Amino acid sequence: MLINNKEIDINAITKDLFDDKDMIKNKGNGIYLSDNQINVLKRYNIDYKKYNSIKALIFEIENILNEETDLEDLETVSESLAEINYYNNTNK
């Protein structure tokens, strides 16, 4: 963007305003995740990019939760994804 004959990078100016690790963003295939949620998934070797839907990702997370206990951070991600799935994909 050109302001007063100087090239200004809006992204550089607003980076600190929008650099929220909890902000949920569309990552493709209808999967909405925050950076913090992605970090939790990486911790459990879950690559969200290989799933073609949010339902498939939730299913994988639930399989892991059924096999292991005390994975509170992963359970929180699963609950959040289930809520996003409900509001985005349920006919009301």
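**Helix 2 and its surroundings**

Reply: Start with a pair of helices. The axes of helix 2 (residues 35–43) and helix 4 (residues 72–89) come within 10 Å and cross at roughly 125°. The model is a predicted one.

Me: Which residues of helix 2 and helix 4 meet?

Reply: Helix 2 brings Gln37, Val40, Leu41 and Arg43. Helix 4 brings Asp73, Leu74, Val77 and Ser80. By class, this contact has four nonpolar, two polar and two charged residues.

Me: Which residues of helix 2 are buried, and how do you know that they lie on the same side of the helix?

Reply: Gln37, Ile38, Val40 and Leu41 are buried. They cover an arc of only 160° around the axis, so they sit on the same side of helix 2. The face turned away from that buried side carries Lys42 and Arg43, which are exposed.

Me: What covers the buried residues of helix 2?

Reply: The cover includes strand 4 (32–33), helix 3 (54–67) and helix 4. After helix 2 comes Asn45, with a positive phi near 55°.

Me: Why is Asn85 called buried?

Reply: Asn85 has a relative accessible area of 14%. Buried means under 20%. The value is below that cut-off, so Asn85 counts as buried. Asn85 belongs to helix 4. Not counting residues up to four places away in sequence, Asn85 touches Ile54, Lys55, Ile58 and Thr90.

Me: What makes Leu57 a buried residue?

Reply: The relative accessible area of Leu57 is 0%. The cut-off is under 20%, so Leu57 is buried. Leu57 lies in helix 3.

Me: Which residues is Leu57 in contact with, leaving aside neighbours within four places in sequence?

Reply: Leu57 is in contact with Ile31, Leu41, Ile46, Tyr48, Tyr51 and Leu81.

Me: How many residues apart in sequence are Leu57 and Leu81, and how far apart in space?

Reply: They are 24 residues apart in sequence. In space, the C-alpha to C-alpha distance between Leu57 and Leu81 is 8.6 Å.

Notes:
Residues numbered from 1 in each chain as written. Predicted model: local features only at pLDDT ≥ 70, side-chain atom pairs only at ≥ 80, totals over all residues. Heavy atoms only, no water. Axes fitted to C-alpha atoms, helices over the stretch in contact; angles between N-to-C directions. Helix = DSSP H or I, 4+ residues; strand = E, 2+ residues; numbered from the N terminus. Contact = heavy atoms within 4.5 Å. Nonpolar A, V, L, I, M, F, W, Y, C, P; charged D, E, K, R; others polar. Buried < 20%, exposed > 50% of the residue type's maximum accessible area, 1.4 Å probe, protein only. Arc of directions from axis to C-beta.
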